[in-house]
Amino acid sequence: MIDLRPVGYVIGLLVAALGFTMLGPLVADLIDGNDHWPVFLESAIITMLTGALMAMTCANGVSAGLSRRQTFLLTSLVWVTLPFFGALPFIFGAPNASFTDAFFEAMSGLTTTGATTFSGLDDLPAGIKLWRGTLQWLGGIGIIVVAMVFLPELRVGGMQIFRSEAFDTMGKILPRAGTIASRISIIYLTLTVACAIVYNALGMTGFDATVHAMTTISTGGMANTDASFGRFGAGIHYAAAIFMFLAALPFVRYVQLLAGSAQPLWRDSQIRTFFTIIGMCVLLITSWVWGRDGIMTEIAFREALFNVVSIISGTGYSSADYMSWGTFPVVMFFFIGLVGGCAGSTACSVKVFRYQLLFSSIKAQIRQIHSPHGIFTPRYDGRPIAEDVLNSVMAFFVAFLLSLGCTAVLLGLTGLDFITSVSGAAAAIANIGPGLGTEIGPAGNYENINDTAKWILSVAMFVGRLEIMVVLTILSVKFWRS
């Protein structure tokens, strides 16, 4: 029998901490001079009291570390519990959302998906805008810690290949998590502040710069306006592309850089591959848009750069309706969204390193077929890839494709058309945000899709953010019997 008290204790503390962060939007509403601030006061009291009571109830079961099964449960339940409380301000105040829409919005925020059911964003109270950014910012730092501490330890989706990267994560998990989180948090906060300063210098108001910096570094993509980044100028587009790219790089490399070692950053094959993919896609789409529409080169390049980086990093901002660019860019955006950024970053989706491992394995198999008596070992960054890592990666790809297919079928059964179902499934599982088509594309949102589809997408966002295998493990009968 699993002792749930250590899990409940940690979740209680995190719920209470979430309630404390609601005071920021409360202050924002007070400064803005609107009467929306009591919504956050009420939500904060409920959330902090519930979290504190949960932590105190479970305090007698706290131990020095967590078992593997407790870690699996903690990793999953955090992303189920927090959205319930994160949804409270959306229900109690503007935009007076239904529980379905509010939960969808909070899940989208904390998983840094960026899909939204709200329209009229320009007219929302300042506190709600800041709360949406805060949810994404908290989700971004949370997923980095999960990716660097828990997933390698749990051997999920090939992440164990990073177990020795900069930190020794063997042994008791929580003490290691505290050490890693403190270092990562400094870097994460520094990038956010730098992004906000640059945005403000380029013309954003201080408030917009702060919120958009939070949703940029978290690669979340929730904007303060319905036009997303379409309302901002060229300088802000270039700045956003740079910061989205930086946020999609492994944060462990920043830790090593601050420690005085820059070589791992330059030599990381994952980073080089990620940069190469972006460069090729930008070149192709720039050429396409320029040749098809006759748009001047700088505009074509800027639109291509911004939207390519936004989609591949899973941020989901848009500076233009790329659905109007023709079939080729739309198909490319769909597929690069399924590539994602680097492991150990705030970026989402499959991740570049898994494709590298997959192609290395395929290459070794082809050589083996050509020379049956030879010995060919798949390699990553010059190192042989362990068999358990390859097995984990292959299992992840199969689980990802099955999850994508099942989600698309379920969405289709709710009455959504084919393009909306498939692209919505991909956008949710890969935590990208915008899908394709007129309804959920870059010029639309998820407001008008049916409630059943919203719940399916909420589950898909949760499953995708936790790398699928964590959730599947918990759902297995053996997990509860062992």
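Close-up 1. Glu 105 is buried, with a relative accessible area of 0%. Keep in mind that this is a predicted model. The side chain of Glu 105 meets that of Arg 132 in a salt bridge, at 3.1 Å from N to O. The pair ties together distant parts of the chain: Glu 105 sits in helix H6 (residues 99-110) and Arg 132 in helix H7 (residues 126-154), 27 residues apart. Arg 132 is buried too, because its relative accessible area of 3% falls under the 20% cut-off.

Close-up 2. Arg 354 and Glu 467 meet through their side chains, with 2.4 Å from N to O. This pair links distant parts of the chain, 113 residues apart: Arg 354 lies in helix H16 (residues 352-370), and Glu 467 in the loop between helix H20 (451-465) and helix H21 (469-475). Both Arg 354 and Glu 467 are buried.

**Close-up 3. A salt-bridge network.** Which residues are linked in a network of salt bridges? They are Asp 101, Asp 451 and Lys 454. The model's count of salt bridges comes to 7.

Close-up 4. Leu 30, Trp 37, Leu 41, Ile 45 and Leu 49 make up a nonpolar surface patch of about 440 Å². Helix H3 (residues 37-58) gives the patch its largest share, 4 residues. Leu 49 is found in helix H3, and this leucine is exposed, because its relative accessible area of 51% is over the 50% cut-off.

**Close-up 5. The second largest pocket.** About 320 Å³ of space lies in this pocket. What lies nearest its centre? Of the 24 lining residues, those are Thr 116, Asp 226, Pro 442, Gly 444 and Asn 445. Sorted by class, the lining of the second largest pocket has 12 polar, 10 nonpolar and 2 charged residues.

Terms used. Residues numbered from 1 in each chain as written. Predicted model: local features only at pLDDT ≥ 70, side-chain atom pairs only at ≥ 80, totals over all residues. Heavy atoms only, no water. 1 Å grid on protein atoms, 1.4 Å probe; cavity = no way out; pocket = protein on both sides within 12 Å on 5 of 7 lines; lining within 4 Å. Points joined across faces, edges and corners; volume = space filled by probe spheres on them. Nonpolar A, V, L, I, M, F, W, Y, C, P; charged D, E, K, R; others polar. Patch = residues over 30% accessible without salt bridge, like charges linked within 9 Å, V, L, I, M, F, W, Y side chains within 5 Å. Areas by Shrake-Rupley, 256 points an atom, 1.4 Å probe, with all protein chains shown as cover. Salt bridge = Lys/Arg side-chain N within 4 Å of Asp/Glu carboxyl O. Helix = DSSP H or I, 4+ residues; strand = E, 2+ residues; numbered from the N terminus. Buried < 20%, exposed > 50% of the residue type's maximum accessible area, 1.4 Å probe, protein only.
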